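Subject: Structure for your files, with notes

Hello,

Here is the structure I said I would pass on. Please look it over before you read the notes below it.

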Amino acid sequence: MSMGSGSEGRGSIFRFDTRQIVVAGIIGGIALFLGFTRLGFIPVPIPLIGNATIMHIPAIVGGALEGPIVGLLAGAIFGIFSFLQAENPVFLNPVVAILPRLLIGVVAWAVFVGLRRWSVDLAAAVAGLLGSFANTVGVVGLAILFGLLPVAVIPAILPQAIAEAVLAAVVTVVIVRGVMLFRSGRTTAPEDESDEERRY
Amino acid sequence: MLELQRNVIFGQFVETGSVVHRMDARVKIAATFVLIVASFLIDDFLGFAVVLPLLVAIGVVSKIPPGYVLRGSQIFLAFLAFILAFQVLFYPADVPESSYLWRWGILSVSTEGLHTAGIIALRVILLYYVTTMLMLTTSLVDLTNGLELIFGPLQRLRIPVNELVLVFVIAIKFVPIFIEEMERLARAQTARGLPFDEGGAITRARRIGRLLVPIFISGFARADTLTIAMNTRSYRGGRHRTKLRQMRASPSDWLALALVIAWILVAWKV
Amino acid sequence: MQPDGTPPVLELKGFSYTYLEGTPRASEAVRDVSFRIHHGERVGIVGATQSGKSTVVDSFAHLLRLGQGQVFYEGEDVADPGYDRGRLRREIGIVFQQPDSQIIEDVVGADVAFGPTAAGLSAAETRERVEESLNTLGLPYQDYRLRYVHAVSGGQRRRVAIAGVLAMHTPVLVLDEPMAGLDPRGRKELLELLIKLQRDRELTLIVCSASLTDASLLCDRFIVLDRGTVVMDGPVREILGEADRLAELDITLPEPVVGAREMQKLFPDFPTDLLTEGELESELLERLGVTT
Amino acid sequence: MIELDNVSFSYRRGEPDVVPALRNLDLKIESGQLVAIIGQNGSGKSTLVKLLTAVLYPTEGEIRIDGVPVDREHQWDVRRKVSVVFQDPDDQLIMNRVIDDVAFGPENLGLPRDEIAERVHSSVSMLGLEDIGSRLIEDLSSGQKQRVAIAGALAMSPLYLILDEPTSLLPVPVAMRLISTVRDLSLRENMGVLHVTHSMYEAVLFERVVVMDAGRVILDAPPAEVFRDVDKLREVGLDVPLAASLAHRLRARGIPIEGDILNTADLREALDAALKSSPSG
């Protein structure tokens, strides 16, 4: 469907149209909603950590499906949320809280675009995995750089990083598959007796 | 059972109608900024001691119950303790033998380590306190408006401030809509025998992932309609816009800001 | 009430509920609601928006914290520790107002199969249930089983949602605003289907609505809620007879009742307990002296 | 005046067996006219709305709004003449507070601040929203939200207000109050209104009713005339207001019911007249 294209971002450093503003806002809204309701924090039975976050997943999905600008903006909203909420003292430094988050969606976009020609599921999984690592590496790296965390903390954080990356990969595949199916315009599932769920 | 909004603590503008609440949002943001800078400038215990009465005063004037703030800060304090323990135990610098209080392999406790950790702790607590107070006394909407006005001049540097702020406005607007949608989904699916609030980490994650699919799909569908709605309301980007809202900072607002700055200068120089 | 001493299917005793209890945004939804629903009854729980209907419905399947008051299913308190909530939800089928929110799978057949599979039925039994439910709702099994849920129309999606609940063979069927968003033709078809279904399966049917138009054709008893409390409870015609009282509650009255109220200006004793246009017509014809 | 000349529209152009959403539509709507558009789901109503707001453009034929052709080049001119309110207020309200949202449109037009304030003030008061002007939109009821959306559309000072099923998510009494407010406004401001609806009870409040089916206009007349065509309406799956249908039945029974019957009050009056003329009752 052709839609009357909206704003002309000309005259700004980077351009975005009305749809990108809206989509970035809505995806950022999903990130905020996950944070506000604490649904974005999955309790993990690992001492010292307690929670694995899935709040970065909107930025991953936004980057993969809508491009780097939307991914970047959704990540920015996630970052500002962690800065303002600051349950973890590390995020009181706005650079630590926000900068790495801008990369999540951009990494996810690059990975997804690069891999999708082979398999959408694979592309989504790797986008989730690497987007998630971009987040952890960026945050921990900057925190160490600012002296907020000692280098020795890395082994303690590693299990959480892996848990979050795996969760992100799984959840991103589910969401990307769902959204792409919805957008595909296909009306009927393929007849495939081997598929357990669809034999009815 | 499922009442997501009950969990919402952060946000969390607590209206007490105090002087702090009524202050111009821009002034509050500026004051917060000054205090954030202060937390990096001040590097001795005396300086923090001077700041303390100011923080207490802000707390008292805002009429926010201190118990509420403390209760909401438990996770923060636990994280802080964890990080500080690491700071002390793995204190990297070479310190004179005399200052070691305890040592075991690479782990140690030294007076230098404790001193550094103490300063970091005060810095972090100051930062946490001011951002928390800003959030508690300013609604997200006023905060966004304030930010837009403060950063407005950057528009001349070709930074699309207006558009960026609109992204936040839309994000904030959709939070309650998604909360409602998620509650409905979770309730309806629980009724069909897909329990929502039971099970371990992986099970919960998978369920939330599944519930997020319809949220994303409805989000994208809403994006299409909202884009049309904005176009039909003649939205063509920030640079065509004029603004209705003007903020007015009263003399007392400026006075308060001046007071904060003066206080911080004293704390820094002592 | 029941002569043979069997307990009512559902009973609410002094049920009260406050959303966001203990927060600054707390709001009381229902207060001290009590009623009993017996096997095979067709009950409409009606009231304006915000009257507490949906809260009452949620309480049936224990989808809320249960604090004040009690909810009994077949005589057992559902809040008892050790009460099998899973069983409760397998016996009370609820079709919510927005069908999209209760559809779990992306393919029609798989979604309808969700309930039976979760209840532990074999693949063969499940398939049979899916086929039966889809056919019953006018969605031929062969044509629809592989359709994507998002690609069928709104009215069909509502039927898929109903089929998903039907496939569980629940003795109690609760429908929250079943006609919302349907166009006139869709409403009429669904109405006929539900009436037949209730009769064939001897269901206990509970319909929740802000409009009495369709509820009055589906139900024989109304429980009327206003701002969280029960204000009327009785046979449909008895309740419709008090049309003036209903009109004050911001409830949508059935069209024949609206017509009858207007006719009262002409014929002061004109009855308002009318269900159909036909009944209104014959009442009028009688008063106009035309023999039918 | 809104003019549609032989307008057709298909969503997926170029694909085989495409069913056009609109076929050869000819329609003229005078300025200030109150028009209800009714039809089943899929009859083409929503497509028509998208064409009139320059969101989509005709595949064939031409649309002109006060002489301005609806095409990509003139999209912003068209949108200054036409405002639209959609079904779900959550998808069209943009800002968080009532006043800010009503101001959003005029702000986009780059109007001076005084004029924005003036327009916001008058639209807010026309919709009776003065008391909730500074409230957060998320705390409002769906009926109030829809009023805010209409105020936002009015603040654009449109020549035509297009309502795309704005009442379908509202309880009937709330919807009826909303539509009578819009009707009064239109009469006072001489603003044309096109109201897309399922509700026959809303449609009878309009000057003219356009009935659509399968992308075509099948009836176009004042409500009294349209709702006299009971059989045709039922054939395309539409309802008829009870009073109109009852009048139809009573006439068939030989009861002399004179005049246009749109609501139960009309029917009562007609029956009263019939009773007085023949003392048999």
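Predicted model: local features only at pLDDT ≥ 70, side-chain atom pairs only at ≥ 80, totals over all residues.

Salt bridges

Over all chains, the structure holds 48 salt bridges. A few of them are described here.

In chain B, Lys243(B) and Glu148(B) are joined through their side chains in a salt bridge, with 3.5 Å from N to O. Lys243(B) sits in the loop between helix H9 (201-232) and helix H10 (251-269) of chain B, while Glu148(B) belongs to helix H7 (residues 140-151) of chain B, so the pair ties together parts that are 95 residues apart in sequence. The two partners fall into separate accessibility classes: Lys243(B) is partly exposed, at 27% relative accessibility, whereas Glu148(B) has a relative accessible area of 11% and is buried. The value for Glu148(B) is under the 20% limit for buried residues.

In chain C, a salt bridge links Glu132(C) to Arg201(C), and their closest N and O atoms are 3.4 Å apart. Glu132(C) is part of helix H5 (residues 123-136) of chain C and Arg201(C) is part of helix H8 (residues 184-201) of chain C, so this pair ties together parts that are 69 residues apart in sequence. Glu132(C) is partly exposed at 32% relative accessibility, and Arg201(C) is partly exposed at 27%.

Another salt bridge in chain C is formed by the side chains of Glu242(C) and Arg245(C), at 3.5 Å from N to O. Glu242(C) has 37% relative accessibility and counts as partly exposed; Arg245(C), at 39%, counts as partly exposed too.

There is also a network: Arg19(A), Glu66(A), Arg183(A) and Asp224(B) are joined by salt bridges that share partners.

Nonpolar patch

Chain A carries a nonpolar surface patch of about 860 Å², whose residues include Leu129(A), Phe133(A), Val137(A), Ile154(A) and Val174(A). Which elements give two or more residues to the nonpolar patch? They are helix H5 (120-145) and helix H6 (154-184) of chain A. H6(A) supplies the largest share, 6 residues.

Val137(A), one of the patch residues, is found in helix H5 of chain A. Its relative accessibility is 57%, so Val137(A) counts as exposed, the limit for that class being over 50%.

Regards

Definitions and conventions: Residues numbered from 1 in each chain as written. Chains lettered and ligands numbered in written order. Heavy atoms only, no water. Salt bridge = Lys/Arg side-chain N within 4 Å of Asp/Glu carboxyl O. Helix = DSSP H or I, 4+ residues; strand = E, 2+ residues; numbered from the N terminus. Buried < 20%, exposed > 50% of the residue type's maximum accessible area, 1.4 Å probe, protein only. Patch = residues over 30% accessible without salt bridge, like charges linked within 9 Å, V, L, I, M, F, W, Y side chains within 5 Å. Areas by Shrake-Rupley, 256 points an atom, 1.4 Å probe, with all protein chains shown as cover.
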